[in-house]
Structures are given as structure tokens and as C-alpha cells.
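User: I'm new to this one and would like to learn how to read it. Can you walk me through it, feature by feature?

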Amino acid sequence: DLALASSGYAEPSLVFAAGAEIRLIDAGEAGRFIAESGDRAALIGREERASFDAALAAAGVRAEALDTLAGFNYSKGRWTTLTLYRRHP
């Protein structure tokens, strides 16, 4: 089963859509989460990318972008960009 984490986006609708198994964590934790073994993915907000990349580099792993989504977060009243990553094989 795919394990999923999110950093930079923690709206209740995401938890509802992804199920209770999603982890809402900071970008550093998301990088370490991806570095662990298993089928894992992380949804990272544009503002969180530098911290995510630093955690990946510290763990000695790379991640690949699977898709990028942009949209308006109506509950925050602003545009947001999220990218879905997985550990590079």
C-alpha cells in the first residue's frame, strides 16, 4: 500500500479524499519519510520545497516529481502549487 504525506497543504478535504492514512508533517519530515523504504509519496507545497530538498540530500536520496497541481485554496484565499513526489528508484 502507498503511504502518503503532505507538507504545506493540510486542508480537511485532503484528509477526507486521501483517507486517514495520510500524514500531515513538515517538509523536513516529508523528506525523511520519502527516504524510508516502502512505497511512499509526498505532496509538497511550493514554499516547502527547499526544506524538503535539504532533508532528501541529508538522507542521500533523490525524489522524482510525479505531477504538479495548481489551484485556488478558497479557505486560505490564495493560489497554491503542490507537487507529488516519490523516491527516485
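Analyst: With neighbours within four places in sequence left aside, A30 is in contact with S7, I25, A42, I44 and F52. Keep in mind that this is a predicted model, where local features need pLDDT of at least 70 and side-chain atom pairs count only at pLDDT 80 or more, while totals for chains, interfaces and linings use all residues. Residues are numbered from 1 along each chain as its sequence is written, and side-chain values use heavy atoms, with hydrogens and water left out.

User: Which residues have the most contacts inside the largest nonpolar core?

Analyst: In soluble globular proteins, nonpolar side chains tend to be buried together. A nonpolar core is a set of buried Ala, Val, Leu, Ile, Met, Phe, Trp, Tyr and Cys residues joined through side-chain atoms within 4.5 Å. Buried means under 20% relative accessible area, exposed over 50%, and partly exposed in between (1.4 Å probe, protein chains only). Here the largest core has 13 residues, and A30, A42, I44 and F52 have the most contacts inside it. At least two of its residues come from each of α2 (27-35), β3 (40-45) and α3 (49-59); helices (H or I, at least four residues) and strands (E, at least two) are DSSP runs, numbered from the N terminus. The largest share, five residues, is from α2. There is also a second, separate core of five residues, including Y9, I22, L43 and L82.

User: Which residues of α3 are buried?

Analyst: An α-helix has 3.6 residues a turn, so residues three or four places apart point the same way. In α3, the buried ones are F52, A55 and L56. They line one face of the helix, because they fall within an arc of 100° seen down its axis (the arc is that of the directions from the helix axis to the C-beta atoms). Their cover includes α2, β3, β4 and β5. On the face turned away from the buried side sit the exposed residues A50, A57 and A58. Just after α3, G60 takes a positive phi of about 75°.

User: Is L4 buried, exposed or partly exposed?

Analyst: Its relative accessible area is 21%, so L4 is partly exposed. L4 belongs to strand β1 (residues 3-7). L4 and R23 are 19 residues apart in sequence, and 6.4 Å apart in space from C-alpha to C-alpha.

User: And is T80 buried or exposed?

Analyst: T80, in strand β5, is buried because its relative accessible area is 14%.

Note on methods: Contact = heavy atoms within 4.5 Å.
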